Amino acid sequence: MQIAKESIFTGLNNFKVRTVSDVRFAEYFGFTDQEVEELLDYYGMREKFGLFKEWYDGYRFGNTHIYCPWDVLNQCDKFRESRNARMESHWENSSGNHIVKQILVHSNETTRAEIEALISGEYVEKPLIFGLTYADFDNTELQKRQSDLWSILFATGYLTDAAQPEGNLHKLMIPNREILQIYKEKILAWFETKTVSHTQQWQKFCTAVKEGDAKTCGLKKVGS
């Protein structure tokens, strides 16, 4: 992702930005199939390749499928300690995720439905913005704009391209089992926290449903 925005004034302002959707240099963003195979061969654990592919592969950089290198190296280290070690999620503990949490706290029901569709193995089609910087991520107003949510989830590794993008429209999906596990264990829990924080509203809604109070429920009667 872009580190900084250039100024109109002279200085270091003539960067060539290569995003994860660009073809050039795509293979250098992480490990390829061949590199993971060679690494596992070196440690004599080629039989683990299927597990590595299921858990840590799935990122699409340009036209290349990429593994998260941090995960691959750390899991290799685990298997060096014990060949019976369980597969673990190493990526999620490599940095904080409070920004993603803040974004999802402001999300609406449509977004939640789309997140649930992603967890079910489907994809969503969204336009992405590649001009976002690290400074933008801490912008409270940006976190409230649902149109930027998908760009941030994509840039932070929570989503990847399911196919070659058509212009600025991207088919987004959860890349692998590790990230899917994060969605199931953390992101859905954040949605539940948001629901619990509105307990009084839910109680009022449930009471209105029992009493047939359509106005409080926000519903219209049939034929109205």
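**Reading a predicted chain**

Of the chain's accessible surface of about 13700 Å², 52% belongs to carbon and sulfur atoms. The model is predicted.

Reader: Happy to start with a residue. Why is Tyr28 called exposed?

Author: Good place to begin! Exposed means over 50% relative accessible area. Tyr28 has a relative accessible area of 64%, so Tyr28 is exposed. You will find Tyr28 in the segment before H1.

Reader: What makes the nonpolar surface patch there?

Author: Phe25, Tyr28 and Phe29 make that patch, of about 350 Å². A patch takes residues with over 30% relative accessible area, and Tyr28, at 64%, therefore passes that cut-off.

Reader: And inside? Which residues of helix H5 are called buried?

Author: In H5, which spans residues 109–119, they are Thr111, Arg112, Glu114, Ile115, Ala117, Leu118 and Ile119. Buried means under 20% relative accessible area, so each of these residues falls under 20%. Across the chain, buried residues make up 38% of the 224 residues. Just after H5, Gly121 has a positive phi of about 100°.

Reader: How do you know which parts of the model to read with care?

Author: Look at pLDDT, the confidence on a scale from 0 to 100. The chain averages 79, and 73% of the residues score at least 70. Over residues 219–224 pLDDT stays under 50, and the model has one contact beyond four places in sequence for them. Where pLDDT is low, the predicted coordinates should not be read in detail.

Notes
Residues numbered from 1 in each chain as written. Predicted model: local features only at pLDDT ≥ 70, side-chain atom pairs only at ≥ 80, totals over all residues. Heavy atoms only, no water. Buried < 20%, exposed > 50% of the residue type's maximum accessible area, 1.4 Å probe, protein only. Areas by Shrake-Rupley, 256 points an atom, 1.4 Å probe, with all protein chains shown as cover. pLDDT = per-residue confidence, 0-100. Contact = heavy atoms within 4.5 Å. Helix = DSSP H or I, 4+ residues; strand = E, 2+ residues; numbered from the N terminus. Patch = residues over 30% accessible without salt bridge, like charges linked within 9 Å, V, L, I, M, F, W, Y side chains within 5 Å. Salt bridge = Lys/Arg side-chain N within 4 Å of Asp/Glu carboxyl O.
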